[in-house]
There are 2 protein chains.
Amino acid sequence: MVTAIILSIGDELVLGQTVDTNSAWLSQQLSAIGVRILSHATVPDDLRAIEEGLIAATRCNVLLVSGGLGPTEDDLTRQALAAILKVPLEINEAALRTLVGWFAELKREMPESNKIQAMFPRGTTPIPNTCGTAPGIYAELLTRGGQRSRIFIMPGVPKEMKAMFARDVLPQVRKLAGGAAIVSRALHTFGVGESTIGERLGDLMDRRRNPSVGTTVSGGVVSVRVNSYFESRERALEELEKTVAACRERLGELIYGEEEQTLAEVVAKLLRSDAVPEALRFYQPVVTTAESCTGGLLAKMLTDIPGSSAYFRQGYVTYSNESKTDLLLVPAELIARHGAVSEPVAEAMARGAQEQSGAPYALAITGIAGPDGGTPEKPVGTVCVALAHASGVAVRTFRFPGDREFVRDRSAKMALTMLRFELIGKRMPF
Amino acid sequence: MVTAIILSIGDELVLGQTVDTNSAWLSQQLSAIGVRILSHATVPDDLRAIEEGLIAATRCNVLLVSGGLGPTEDDLTRQALAAILKVPLEINEAALRTLVGWFAELKREMPESNKIQAMFPRGTTPIPNTCGTAPGIYAELLTRGGQRSRIFIMPGVPKEMKAMFARDVLPQVRKLAGGAAIVSRALHTFGVGESTIGERLGDLMDRRRNPSVGTTVSGGVVSVRVNSYFESRERALEELEKTVAACRERLGELIYGEEEQTLAEVVAKLLRSDAVPEALRFYQPVVTTAESCTGGLLAKMLTDIPGSSAYFRQGYVTYSNESKTDLLLVPAELIARHGAVSEPVAEAMARGAQEQSGAPYALAITGIAGPDGGTPEKPVGTVCVALAHASGVAVRTFRFPGDREFVRDRSAKMALTMLRFELIGKRMPF
């Protein structure tokens, strides 16, 4: 298997002023053709540091480098390469002509400092730059094991790097890699923790397995990522599907979607499908919202989706007790008796929204998002979510442990999840 | 000078499925206290690779690590640490109690697999995690030169990592670093482009200047960042304040806030202050919202702020034409004549919301968020924003060039900006 290391060069990266997106992009490109990425490294615009970075080429088949090819004093990649190859820098006449031509075309005088961009360590080859002045550099080095290691140095500007990679680097690396490929799939769940998902997946998560199965968490969404690596793309895809099917079997309805799909998107799709009983599809506004602590976030999620007017007509942001009574006809007495954050009030909000809007489904959220307002009995993060549907109201109380943003986000996602299970006709398994 | 290396661990990073933002953030934090960052490295969830990554601690004073502390089989950081320290993993009773307590509070059974998160290499110390189950790990190693090198291992989830770093890691590293400092300040503007801000700032943006002044753009907010680097923290702060004052003089009311402040926060502060005329402070719900294309986003922004019940009581999400009439009493005839996206309708929505809610200020948004619904006359991105206040209604039409998310975000921010200028009693300068 062809192995690669990715090296990014630049003070702005090491100082954290710019987030390095080149490495992730290059990784995706290499993974897709079956190259195994050993690591990423980022070093500053410092000769010694770059030399150490370049030496990594002795530990892999391909070293992809970006940055440090500009015309200014802090661009030192070519000097570092010359140092590790133990050769001098020489002017490359063809590269110089291209450079002069580039400026001529822009009708600008070439600054003397740009001349350095036509200098190459002896024995290395320029890689054309179709989007800027700095040509790339191709060099070879021997690995510790005496194998040939290939170094491709590209500009740091993402646009120039991507164009150069696609045009001249990728074809060469693909030839080295042969037909092998890694293909991936992400499956998303919401509602249970990473460890529960891990336990359900069991031996599928064995580290030695191929396709491999791993989990990541973001915004409360626990995602299962399957990576399938085989000598041919066909085989990789075939094995990927088998493992994805195995994951689906173990996780069942916990999985709400794949790849780029969001919870709201999946719910939107269900709302526009047969999942809504025929008798209810008569109603234009299929779902409505009544939000207290989430203050519009749930409606915002439902309308994130293009074409949401097909299922959403109006929503109520009832932040105060009075507005729950004014807009949703929640009896003031009910609020006084149980408190605004209570299952009876959530239920009444959902019923009120359903009646006022004429929508067959109504989601209501009332909770304590914090940082203030918590009590020992109802601490910050206590949230009641109700779903009014054709045959009644389901209501649940949750505890979301986190800050205001966390509590609001998870509350809205949980409301969407309750609606999702109602629409697929399954009991929510948590 | 104290030196640091930053190590990120995770297959998803090495495969390019997730962009590593932790390293940049940690770099910023370390730079600010005068620590020199030698390099970043990223390695996969592989025992050997993590061990090699951790060995970097022998080349620096501080190694900051994130990732690989979860409860599943692909989380191997603690095992790798134990291997390089040549010590066994042992259960830490205090950490186990905290972990069990965490689950008890959530009223959930602790899965057996989570127990690994209470295991630590002998001689290392847990670092508390205030946002999740995985404690961090503090360890020490000797550098090649025989000096003590400190290893801080934190979770990979950015939020947990940041909280742990700020609370327990930063104070220790700061003590090591002493002396020189970079101090920074960000000033935020919304409404005009980066080039306009750049022109106004003029020579303040000279690259050789210290404190330096630069601009960045994110979510339509053009921010001015001032970095002041001097041999002492006092001097750095003093010079920072001078440059910040100079920037403020040139940008005036275009600046809405500083540092972490959001537009909504600034508006919230104004709504709770004397900026609201005394006669209007009588009304409990100071502001209300009537949203069509933003579908709840504006209300969500206003209620992002803790204590928002002091100025916000209710909002209306009127996505369809019918709901504008039903809830806000916008005459159907007006919509038919001018179209739902028009200044008269925006104005009527604002007036309707004002009257229905009793709030002295009402913001209304109606527009075409796309991707569909545009016409040659009213293309996607056309948005009308109205602000009803004590003495009338202000209404403006904007064109926001971007996708659905872009148009919705900018529309809500522009509504907040109109309210901000009303509250500070100035004409909006764009």
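In this predicted model, B:Trp25 is buried, and B:Phe165 is buried as well. Their ring centres lie 5.6 Å apart with the planes at 80 degrees, and because an angle over 60 degrees counts as edge-to-face, the pair formed by B:Trp25 and B:Phe165 falls into that class.

Over all chains, a search of the whole structure finds 10 aromatic pairs. In one of them, the rings of A:Tyr138 and A:Phe152 have centres 5.0 Å apart and planes at 45 degrees, so this pair is tilted. The pair links distant parts of the chain, with A:Tyr138 in strand S7 (residues 136-142) of chain A and A:Phe152 in strand S8 (residues 148-154) of chain A, 14 residues apart. Both A:Tyr138 and A:Phe152 are buried.

| Charged residue | Ring | Distance from ring centre |
|---|---|---|
| A:Arg410 | A:Phe406 | 3.9 Å |
| B:Arg78 | B:Phe120 | 5.9 Å |

The axes of helix H11 (residues 321-328) of chain B and helix H13 (residues 343-357) of chain B come within 9 Å and cross at roughly 35 degrees. From H11(B), B:Lys324, B:Leu327 and B:Leu328 meet residues of H13(B), including B:Val345, B:Met349 and B:Gln356. Sorted by class, the contact of H11(B) with H13(B) has 6 nonpolar, 2 polar and 1 charged residues.

Conventions
Residues numbered from 1 in each chain as written. Chains lettered and ligands numbered in written order. Predicted model: local features only at pLDDT ≥ 70, side-chain atom pairs only at ≥ 80, totals over all residues. Heavy atoms only, no water. Phe/Tyr/Trp six-rings, centres within 6.5 Å; stacked < 30°, edge-to-face > 60°. Helix = DSSP H or I, 4+ residues; strand = E, 2+ residues; numbered from the N terminus. Buried < 20%, exposed > 50% of the residue type's maximum accessible area, 1.4 Å probe, protein only. Lys NZ or Arg CZ within 6 Å of the ring centre and 35° of its normal. Axes fitted to C-alpha atoms, helices over the stretch in contact; angles between N-to-C directions. Contact = heavy atoms within 4.5 Å. Nonpolar A, V, L, I, M, F, W, Y, C, P; charged D, E, K, R; others polar.
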